[in-house]
Amino acid sequence: MFVTIDLKRLIKIVIVVVLLIAAIIFVKLFISSGGLKSVISQDNRSTLVIDAGHGGIDGGAISDSGLKESDINLAIALKTDALAHFLGVDTVMTRETDTDNSENKAYSEHDNLVERAKLANSTENAVLISIHQNKFPSAVVSGAEVMYSDNDDSKALGLLTQGNLVALLDTANRRVARPAPKELLLTSTAECPTILVECGFMSNPQEVQKLASNEYQLKIAVILSGSYIQYLNNTALA
């Protein structure tokens, strides 16, 4: 006897299961540790703009195994978006697919970043989190690192997110949040609170293996969405 199931229904079931797992991780990482006091209130709402770095013809950093940064970025961004909606957070994504721009000879990374910044700047009460991966000539370098735009709100979100990444994801990580370099177009032109999160190093095989796993991606998504909510709550109390 064969049991058949509609593909769309199966996809919905998988999404529900993933969200439930993410919710369990969220509770374990944040609420049980006292790191998150409450979910955002109706009078302190904002829109989380989630930017999955690179995409399409621009794959970003590539691991020795051929894994593209853009694919990891998108996977983490989609999980962050799903979890944020699960928690009642309003979101906007700069991209939801890995659209192939390879046949578009006019493609410009600069123009693409300008459009992403415009989207954030046109979103009311926005907070922008840009998701990326790092790379270094040495394979031994590892650890998540947050860079923030040159304003107090971005710094507050950056320090909070870095602290959560270290405490809840990798206590051996000695990296600290720092101001984003002036030449980074997105962080320098976005007018809202903005951070760029380098979730790990594509040049480190062990870290790439973790970054490619659904569980690790979910943990990062939990930390990003949880840090966002903490930031809003802290801002409301200030």
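This is a predicted model: local features need pLDDT of at least 70, side-chain atom pairs count only at pLDDT 80 or more; totals for chains, interfaces and linings use all residues.
Residues count from 1 along each chain as its sequence is written. Local features need pLDDT of at least 70, side-chain atom pairs count only at pLDDT 80 or more, totals for chains, interfaces and linings use all residues, and side-chain values use heavy atoms, without hydrogens or water.

**The sheet.** Start by selecting the strands (DSSP runs of E, at least two residues; helices are H or I, at least four, all numbered from the N terminus). You'll see an open sheet of 6 strands with mixed pairing, ordered β2-β1-β3-β6-β4-β5. Pairing here takes at least two DSSP bridges between two strands.

Now pick β3 (126-134), which runs parallel to β6 over 6 bridges. Click H132: its bridge partner in β6 is E198.

**The helices.** Next, show α4 (152-168), packed on the sheet and touching β3, β4 (145-148) and β6. Contact means heavy atoms within 4.5 Å.

Which residues are closest to the centre of the second largest pocket? Select E109, L113, H132, L184 and L196, from a lining of 15 residues. A pocket is an open set of 1 Å grid points where a 1.4 Å probe fits, with protein on both sides within 12 Å along at least five of seven lines; lining residues have an atom within 4 Å of a point. Finish by colouring α3 (109-121), α5 (185-189) and β6 (194-201), which each give two or more residues to that lining; α3 gives the largest share, 4 residues.

Terms used
Axes are lines fitted to C-alpha atoms, for helices over the stretch in contact, and angles run from 0 to 180 degrees between N-to-C directions.
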